[in-house]
Amino acid sequence: MIRKSIAAVISSVLLLGACNSQNVAPQSAISKLQTTAQVDLTNPLLSPSSLQYQAPDFSAIKDKHIAPAFELGFAQQLAEVDEITAQKTVTFENTIVALEKSGAQLTRVSAYFSNISATDSTPTRRTLQQKFAPLMAQHYDNIYLNEKLFSRVQDIYQQRDTLKLDAESLRLTEVYYKRFVRAGAKLNADQKSQIRILNKEHSQLTTQFSQNLLKETQNIAVLVEDKAQLKGLNDKQINAMSAAAENAGHTGKYLISITNTTRQPILAQLENRALRERIWLASANRARSGETSNTEIVSRLAQNRAERANILGFDSWAEYGLSAQMAKTPEAVFKMFSGMTEQLMENAAQETQAIEKKIAQRGGDFTVQPWDWAFYAELVRQDKYALDESTVRPYFEFNRVLEDGVFFTMKALYGIEFKPRPDLPVYHPDVTAYEVFDHDGTSLAIFYADYFARQGKRGGAWMNSFVDQSHLLGQTPVVVNVMNIAKAPNGQPTLLSYGEVTTIFHELGHGIHGMLSDVNYPSLAGTAVSRDFVEFPSTFEEDWAIHPKVIANYAKHYQTNAAIPQELLDKLVNSRSFNQGFDTLEYVAAAVVDMEWHALKPEDKITDLEAFEQKVLKKHGLYLPHIQPRYKSAYFSHSMGGGYSAGYYAYMWSEILAADAFAYVQSQGGLDREIGKRYRQNILEVGNSRPLMESYKAFRGQEPTTDALLKRRGLSAN
């Protein structure tokens with residue numbers, strides 16, 4: 001996921017500053033700030049880092065440096081905008097390029113803070129979020145609703161065909177013009193005033209939504225007093241829960257943390273049905289009541305977005321959001337999902353029958369419930385494929401997966417190498433810094449790997465950038481990947497599930513999209529593409545995890561170094577399509593709920609989130625009480641707290657591209673540098689410097705079909 005970037009979103013507003021940069025702050029902006037506050041000019045966030053590629057000097061940056069850096073950033077960029085609008089002539093260079101060069105200070109601090117507040121949240125940082133999220137909204141309104149500035153941008157846009165611009169500059173002009181218009185630049189004074197108020201409120205709501213979830217993660221962990229209830233777990237898991245309880249002040253007990261989605265992985269192992277129910281309910285009901293309730297926030301966010309869409313001339317927020325995506329309209333998204341519904345529900349029904357048969361075989365006298373699914377599905381899978389997840393994990397040791405799996409694939413396809421940089425400071429001991437080199441020894445990027453869960457870290461997985469690539473600004477990318485893998489105790493290996501393995505591949509797909517970018521303008525670099533394209537390069541990388549050459553290189557027993565047995569590997573490969581009815585339905589259900597929230601009218605106020613979700617799913621023929629949406633509204637960060645509002649469908653839309661591209665690559669030789677070079681040049685390097693379907697067709701030779709997607713998800717008989 002992108003925050004990222006696409007990405008990590010701490011507030012959708014905070015991400016807006018990450019696309020503009022410049023190296024020197026105007027003295028006028030510094031002087032203006034000095035007249036109102038004492039400025040410590042030794043503050044490391046007030047100037048570009050002296051480290052390679054301007055990587056942040058985490059050893060020097062303190063929380064006290066953040067607020068002054070934001071304040072200077074606001075002043076600096078507004079001074080730069082004033083300098084642009086004061087120009088008597090209007091040219092591409094003194095308007096569009098000048099905008100691209102503006103905001104270096106704000107970019108630097110927002111890039112640093114967006115990552116550090118998501119990976120290591122503290123009360124101080126949460127307070128800073130609450131303060132600066134609305135100020136960021138106000139700041140960007142001051143830019144994109146600036147009449148003089150928009151007039152200049154519009155002049156360039158209207159003359160674009162006569163200015164003899166190169167293709168990338170023409171693309172940048174169009175991007176800027178649409179950005180201003182979508183922000184409300186063409187509105188009248190009263191409408192702009194309304195948009196400002198709504199934008200400020202929106203930033204406050206999304207920030208509070210995310211902070212409530214972070215508090216909930218700490219509050220809703222399930223405490224178990226009797227070890228016997230943990231039957232089905234292995235000793236390592238139980239010991240880790242015991243240690244977690246000890247750290248939380250519950251000596252002699254066991255603490256089970258709740259992870260990001262509605263379903264909880266541990267439910268596949270626990271034999272105690274009552275405990276499974278407790279865990280599932282803790283997950284499904286989070287942030288629904290009490291001090292951390294998101295119920296009112298979700299309701300108001302939907303109204304807020306609908307109100308903004310109406311002011312901007314759209315019937316709904318979904319219509320507004322989709323107009324800038326590849327999908328174009330909500331109807332196109334609903335059509336995509338409706339075309340799958342019949343086959344999807346048929347698969348889910350078959351899987352349900354198999355699970356209920358297994359329940360009966362084991363003497364159960366109950367209908368399958370959401371907390372039963374994972375446990376009995378695992379038993380069915382073991383019967384069908386004779387595959388026990390615990391027998392696979394020893395072959396997926398973390399370091400080997402990363403170095404001999406993911407990094408090996410990146411070198412085989414794209415010719416790039418990751419070399420540790422222990423001399424670079426990091427923001428947490430669990431973070432590792434790498435330098436990325438091309439096949440000819442050219443240095444390409446700095447990469448930070450932050451893969452392990454810890455308190456204060458937002459759930460999920462994402463990619464973020466500290467520095468975006470740009471030839472205009474002479475910038476080389478500095479990128480981070482973040483996950484939440486449970487780290488083994490000191491001295492023990494961290495063994496992964498196959499799902500965690502594919503997620504590492506996925507996130508590095510985002511990472512190389514940023515690191516291999518090769519464009520002039522930062523606004524068009526790397527992952528600065530539409531939401532329904534940005535997940536394509538990341539999803540494309542997932543299937544390499546099980547490619548024969550790749551898995552043979554990393555899937556080796558952590559104790560004996562023996563390769564994964566062919567019989568076990570065959571079972572793993574064959575089982576990939578298992579439970580895809582469930583997996584796809586829980587995703588589609590969430591995506592449809594997201595779209596329907598953002599199809600509401602401003603006057604529609606929803607007070608019962610559960611009832612709304614059920615109504616939506618029944619409307620689309622997707623309601624099964626024992627298969628719930630992957631995310632429910634109160635903790636649906638993509639939709640409510642992040643940048644994927646009316647955009648969660650993008651994973652499926654992008655998967656169509658990814659599956660089609662991967663199938664094509666296999667037909668052209670598979671793990672091969674030549675096809676990797678073509679993919680790199682036509683997809684990864686070009687970012688948003690040309691229309692996205694043009695990039696896809698330049699690589700693939702044609703638009704994608706859904707055939708490979710249906711096969712990938714086991715929803716096709718062919």
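Of the 18 residues of H17, 15 are buried, so the helix is largely enclosed by the rest of the structure. The model is a predicted one.

- Helix H17 covers residues 498–515 and spans 25 Å from its first C-alpha to its last, close to the expected 26 Å.
- Five bridges join E6 to strand E7 (residues 478–485) in the antiparallel sense, and Met463 has Asn481 in E7 as its bridge partner.

- Side chains of opposite charge can pair when their charged atoms come close.
- Lys231 and Glu271 form a salt bridge with an N to O distance of 3.8 Å. Lys231 is in the loop between strand E1 (222–224) and helix H9 (235–247), and Glu271 in the loop between strand E2 (254–256) and helix H10 (273–284), so the pair ties together parts that are 40 residues apart in sequence.
- Lys231 is exposed at 53% relative accessibility, whereas Glu271 is partly exposed at 37%.
- Arg400 and Asp404 also form a salt bridge, at 3.4 Å from N to O. Because they are four residues apart in helix H16 (residues 398–414), about one helical turn separates them.
- Arg400 is partly exposed at 21% relative accessibility, and Asp404 is partly exposed at 28%.

**The loop between H18 and H19**

- In the salt bridge of Asp543 with Arg712, the closest N and O atoms are 3.0 Å apart. Asp543 lies in the loop between H18 and H19 and Arg712 in helix H27 (residues 707–712), so the pair ties together parts that are 169 residues apart in sequence.
- Asp543 is buried at 10% relative accessibility, while Arg712 is partly exposed at 22%.
- A network of salt bridges links Glu542, Asp543, Arg576, Glu655 and Arg712.
- His547 is found in the loop between helix H18 (531–542) and helix H19 (548–554), and is buried with a relative accessible area of 10%.
- Neighbours within four places in sequence aside, His547 is in contact with Gln666 and Leu671.

Conventions: Residues are numbered from 1 along each chain as its sequence is written. This is a predicted model: local features need pLDDT of at least 70, side-chain atom pairs count only at pLDDT 80 or more; totals for chains, interfaces and linings use all residues. Side-chain values use heavy atoms; hydrogens and water are left out. Helices (H or I, at least four residues) and strands (E, at least two) are DSSP runs, numbered from the N terminus. Buried means under 20% relative accessible area, exposed over 50%, partly exposed in between (1.4 Å probe, protein chains only). Contact means heavy atoms within 4.5 Å. The expected span of a helix is 1.5 Å times one less than its number of residues. Two strands pair if DSSP finds at least two bridges between them. A salt bridge is a side-chain nitrogen of Lys or Arg within 4 Å of a carboxyl oxygen of Asp or Glu.
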